[in-house]
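Please take a moment to look over the sequence and the structure shown here before reading on. The paragraphs that follow lead through the strands and then turn to the ligand.

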Amino acid sequence: MSQSAFQFPHRRYNPLRRQWVLISPHRTQRPWQGEVNPSSGFSEVHYDPACYLCPGNERAGGHRNPHYENVFIFDNDYAALLPDSPAPETEDMPELLRAEQERGRCRVLCFHPDHSLTLALMQEKDIRGVVDAWTEQYKELAGNPSIRYVQIFENRGAMMGASNPHPHCQIWATEHVPDEPATETESLRSYQAEHGSCLLCDYLKIESEKQTRVVCENDEFLVVVPWWAVWPFETLVLAKKHVGSLAEFTDRQKTAFANILKQTTIRYDNLFQTSFPYTMGLHQTPCDGESHGEWHFHAHYYPPLLRSATVRKFMVGFEMLGMPQRDITPESAAERLRALSGVHFTQEHGSGAAD
Ligand code: H2U
Ligand code: ZN
């Protein structure tokens with residue numbers, strides 16, 4: 001592989017999503033205008049009387065949160081899926097107007113009672129508590145025969161549509177395996193059938209050897225800006241061992257997962273000295289009753305920011321109509337994230353939001 005040839009426009013393949021991404025590295029040769037904006041996005045208060053997630057406060061429909069001390073889980077008051085919605089009547093419908101029943105559950109999981117915290121600022125032992133709660137939720141929902149997939153995800157920051165800065169995530173459990181994990185299942189399965197090995201185990205080996213796209217790692221997890229990253233600072237968190245879901249994690253893996261989430265989110269916050277927005281999600285074994293030896297646990301971080309705390313990437317134009325495109329290479333994004341301190345910028349001098 002010639003390094004110089006990769007400085008020209010080329011496209012790279014994402015074998016998980018089966019999509020191409022256009023890379024235009026020469027566009028970043030224009031002067032770097034990446035001003036570092038002052039810290040923003042952090043909450044100043046530990047308790048907000050107007051927050052519907054803070055302990056003791058009222059939510060929609062008159063529900064009141066308990067005075068919780070660790071994590072707190074409740075059924076989403078505006079759930080996108082219901083456990084008992086009826087099947088649409090499709091008998092007299094044209095074939096092109098297809099619809100199917102989709103039952104499911106939506107929950108909200110508060111990570112911590114403190115309104116001002118984020119995963120980057122929480123103590124590792126408390127993040128471990130979140131990992132334990134995710135594990136229990138996955139096990140319980142996956143054990144329900146009418147559920148075929150459990151999606152745990154976090155929308156962080158107003159830029160990503162999060163409705164509230166209080167540290168929380170959502171869990172949507174669905175009757176069908178949604179498109180993204182369904183495509184990944186297909187990809188992992190066909191790769192295994194063809195090569196007799198796991199796509200992500202093989203990919204992990206390549207990235208560990210090359211190191212150019214590695215952001216950080218610990219004994220159990222490797223974080224890379226993947227070869228095929230679409231978002232400027234997109235990362236993929238890979239379990240080093242071939243396990244399918246949190247339900248199979250050892251105690252050690254759960255602790256290591258909490259550690260890697262903190263390491264990753266600290267680097268994100270430090271990049272533009274802001275509470276870094278993103279959508280993050282866990283991709284785990286579908287619970288559709290089939291055997292899924294091909295599944296390899298991983299998490300995706302999709303952050304929108306491009307140049308500073310306020311300049312974001314928009315997926316418009318050619319990207320909506322053709323294919324995704326990026327300017328900074330995954331290698332340079334990884335290099336920048338890797339070079340950042342593993343200590344949160346607000347805590348480096350013993351002051352700031354985390355105090
Ligand atoms: P997001 O910040 O990712 O939007 O998640 C917050 C969720 O909280 C959102 O899905 C729910 C919204 O429906 N919610 C309640 O369940 N009760 C409320 O009182 C307000 C918001
Ligand atoms: Zn709150």
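How many bridges join strand E2 to E12, and do these strands run parallel or antiparallel? In this predicted model, strand E2, which covers residues 19-23, is joined to E12 by two bridges, and the two strands run parallel. Within this pairing, Leu 22 has Gln 325 of E12 as its bridge partner. Both strands belong to an open sheet of three strands, whose order is E1-E2-E12 and whose pairing is mixed. The edges of this sheet are formed by strand E1, at residues 10-14, and by strand E12, at residues 325-326, each of which pairs on one side only.

A further open sheet is built from nine strands in the order E3-E4-E6-E5-E10-E11-E9-E8-E7, and here the pairing is antiparallel. At its edges stand strand E3, residues 72-75, and strand E7, residues 214-217, each pairing on one side only. From one strand to the next, the twist of this sheet averages 20°.

Strand E4, spanning residues 104-110, and strand E6, spanning residues 168-174, run antiparallel and are joined by seven bridges. In this pairing, Leu 109 has Cys 169 in E6 standing opposite. Elsewhere, helix H6, made up of residues 330-339, lies across E7 and strand E9, the latter at residues 235-239, and the helix runs at about 40° to E7.

The ligand can now be considered together with its surroundings. Around ligand 1 there are 13 residues, of which Ala 60, Asn 76, Asp 77, His 168 and Gln 170 come nearest. Sorted by class, this shell holds six nonpolar, five polar and two charged residues.

Which atoms of the protein lie 2.7 Å from an oxygen or a nitrogen atom of ligand 1? For Asn 76, a polar side-chain atom lies 2.7 Å from an oxygen atom of the ligand, while for Asp 77 a polar side-chain atom lies 2.7 Å from a nitrogen atom of ligand 1. Ser 163 takes part through its backbone, with an N or O atom that lies 2.8 Å from an oxygen atom of ligand 1. Taken on its own, ligand 1 has 480 Å² of accessible area, and the protein covers 87% of this area.

Key
Residues are numbered from 1 along each chain as its sequence is written. Chains are lettered from A and ligands numbered from 1 in the order in which they are written. This is a predicted model: local features need pLDDT of at least 70, side-chain atom pairs count only at pLDDT 80 or more; totals for chains, interfaces and linings use all residues. Side-chain values use heavy atoms; hydrogens and water are left out. A residue is near a molecule or strand if one of its heavy atoms lies within 4 Å of it. A polar contact is a pair of N or O atoms within 3.5 Å; within protein, one must be able to donate a hydrogen and the other to accept it, and residues adjacent in sequence count only if both atoms are side-chain atoms. Accessible areas come from the Shrake-Rupley method with a 1.4 Å probe; for residues, only the protein chains shown count as cover. Ala, Val, Leu, Ile, Met, Phe, Trp, Tyr, Cys and Pro count as nonpolar, Asp, Glu, Lys and Arg as charged, and the others, Gly among them, as polar. Two strands pair if DSSP finds at least two bridges between them. Helices (H or I, at least four residues) and strands (E, at least two) are DSSP runs, numbered from the N terminus. Axes are lines fitted to C-alpha atoms, for helices over the stretch in contact, and angles run from 0 to 180 degrees between N-to-C directions. Contact means heavy atoms within 4.5 Å.
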